[in-house]
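This report goes through the structure shown below, one chain at a time, and then turns to the place where the chains meet.

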Amino acid sequence: MTTATATAPTRTADGAIAFTDLTGFSEFTAISGDEAALELLSAQERMIREALGRRGRIVKNLGDGFLLWFRDPCAAVETSLALQEVFEEQSFEHDMPLWVRIGIHYGRPLRHGRDIVGHDVNVAARIVDLAQTGEVLISQACIEAMHRALPGVYFDEVGPAVMKGIPDAVTLYRAVRV
Amino acid sequence: MRVLTVSGKVTVIGEDRSDLDIEPDDRYVDTVDDGRVVEARARSKNLTIRVPAGMNVSVGTISGDVHIEGTLGSIKISNVSGKIEIDRTTSDADIRSISGSIAVSQCGGRCYANTKSGRIELGHVAGAVNAHTMSGGIEVGTAGADDVNVKTISGRVSVYVDPGRAPRIRLRSISGKTRCECMQGTDFEIKASSISGSIEVQER
């Protein structure tokens, strides 16, 4: 008898886990057509890659969103805020609805090839569900993991969230530039 | 006051009293954050909590309706589904839902309201407004003292401005109509965007 083998995740990837979600993409595609939709997705990906540089990496493309990973939680917040500013500017100036929500959590996901998996990834996915378009919503764990102050950034508590499949309530904060 | 539940309706009543009253009796109550916050937890029961008027309240639940009566201070609410209804707050409100509707009669500070597939109704907001929904309509009454930012994918947007205030208007809808019937100026900014919904701004 042979035993099925699988690639076992063996190492953790301590860091900030960020989900982005482009809202209204289906409606935009229906109204503006496939070419415009593809252009929107390409613009989003280009802006994300430019903002990331070497500070983080795209773990995977989720269709109209991305899963990102940063070793440094401060870099995750700074990059996300910079991204939202670019998205906002492009949205209004170029009639391109880059209405993106970003949710960030810090934890110890397991590496699974190029992917990351685990409870902390699930928490980050739940956080982005509660974020507004244009907003960077982060968990208390992410704030606690920051090793330095972020000049000009303020964290506004938005309260506890009880999330499906997550045993403990997660206190969330909105990251705001002041 | 912090309330955490999984399901069941949560009712918080701000009234002229100095103590807290929490029903039913078989719920978990504790003080947290160095005694600064009273935390009530219940798994799947309806909770009714009476608090002193003006108290700050936060509620986190998965599938329960949340109903806030009377006058409270700052309010922070998140749920996955279920209606969220707020009577009056003298301070800021931050309300987030995934598939529930949001209704606030009067907000004395800034108001953030966000839902994925519900309607948002903000009767009168004294401060800045940020209201976003995907498939529901948005109706906002603003005092015109601070900026209003509204986004919806497919719902209709209506913004009502207090008389005498003249906003700078930035309206954008890809396939819906936009209309402004109020005096324009530089008192504050109204920025409203939609993909397929119509947008109208008018004096109250």
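How many helices and strands does chain A have? Chain A has five helices and nine strands, where helices (H or I, at least four residues) and strands (E, at least two) are DSSP runs, numbered from the N terminus.

## Basis of the model

This is a predicted model, in which local features need pLDDT of at least 70 and side-chain atom pairs count only at pLDDT 80 or more, while totals for chains, interfaces and linings use all residues. Residues are numbered from 1 along each chain as its sequence is written, and chains are lettered from A and ligands numbered from 1 in the order in which they are written.

The complex has an ipTM of 0.88 and a pTM of 0.91 from the predictor. For chain B the average pLDDT (the predictor's confidence in each residue, from 0 to 100) is 93, and 100% of the residues score at least 70.

## Chain A: overall form

Read from the N terminus, the elements of chain A follow the order β-α-α-β-β-α-β-β-β-α-β-α-β-β. Its radius of gyration is 17 Å, close to the 16 Å that the globule rule gives for 178 residues, so chain A is as compact as a globular protein of that length. The radius is taken over C-alpha atoms, and the globule rule is 2.2 Å times the number of residues to the power 0.38. Along the principal axes, the C-alpha atoms of chain A fill a box of roughly 60 × 45 × 35 Å.

## Chain A: the sheet

Strands of a sheet pair through backbone hydrogen bonds, either parallel or antiparallel. In chain A, seven strands make an open sheet with mixed pairing, in the order 2-3-1-4-7-9-8; two strands pair if DSSP finds at least two bridges between them. Strand 2 (56-61) and strand 8 (153-161) of chain A each have a single partner strand, so one side of each is left without a neighbour in the sheet. From one strand to the next, the twist averages 25 degrees.

Val153(A) is placed opposite Arg177(A) of strand 9 of chain A.

## Chain A: the helices

Which strands does helix 3 (residues 73-93) of chain A lie across? They are strand 1 (15-22), strand 2, strand 3 (65-70), strand 4 (100-107), strand 7 (136-139), strand 8 and strand 9 of chain A. Helix 3 of chain A runs at about 180 degrees to strand 4 of chain A. Axes here are lines fitted to C-alpha atoms, for helices over the stretch in contact, and angles run from 0 to 180 degrees between N-to-C directions.

Helix 1 of chain A and helix 2 (residues 34-52) of chain A have axes that come within 7 Å and cross at roughly 140 degrees. That angle makes helix 1 of chain A oblique to helix 2 of chain A (under 35 degrees counts as roughly parallel, over 145 as roughly antiparallel, 65 to 115 as roughly perpendicular and the rest as oblique). Helix 1 of chain A contributes Phe25(A), Phe28(A), Thr29(A) and Ser32(A) to the contact, and helix 2 of chain A contributes Asp34(A), Ala36(A), Ala37(A) and Leu40(A). By class, the residues of this contact are five nonpolar, two polar and one charged. Ala, Val, Leu, Ile, Met, Phe, Trp, Tyr, Cys and Pro count as nonpolar, Asp, Glu, Lys and Arg as charged, and the others, Gly among them, as polar.

## Chain B

Chain B has zero helices and 22 strands. A compact globule of 204 residues would have a radius of gyration near 17 Å, and the 18 Å of chain B agrees with this. The C-alpha trace of chain B spans about 55 × 30 × 25 Å along its principal axes.

Eleven strands of chain B form an open sheet of mixed pairing, in the order 4-5-1-7-9-11-13-15-17-21-19. Strand 4 (28-32) and strand 19 (167-173) of chain B are the edge strands, each pairing on one side only. The twist in this sheet averages 10 degrees from one strand to the next. Within chain B, strand 11 (residues 93-97) and strand 13 (residues 111-115) pair in the parallel sense over four bridges, and Ile95(B) is opposite Ala113(B) of strand 13 of chain B.

Strand 12 (residues 102-107) of chain B runs parallel to strand 10 (residues 84-89) of chain B, with five bridges, and Thr89(B) has Cys107(B) as its bridge partner. Five bridges also join strand 12 of chain B to strand 14 (residues 120-125) of chain B, again in parallel. The peptide bond from Glu23(B) to Pro24(B) is cis, with omega near 0 degrees; Pro24(B) is in the loop between strand 3 (21-23) and strand 4 of chain B.

## Where the chains meet

In chain A, 20 residues are in contact with 27 residues of chain B, contact being C-beta atoms, placed from the backbone, that lie within 7 Å. Helix 1 (25-32), helix 4 (119-130) and strand 8 of chain A are the elements that give two or more residues to this side of chain A. The side of chain A that touches chain B has eleven nonpolar, six polar and three charged residues.

Notes
Contact = placed C-beta atoms within 7 Å.
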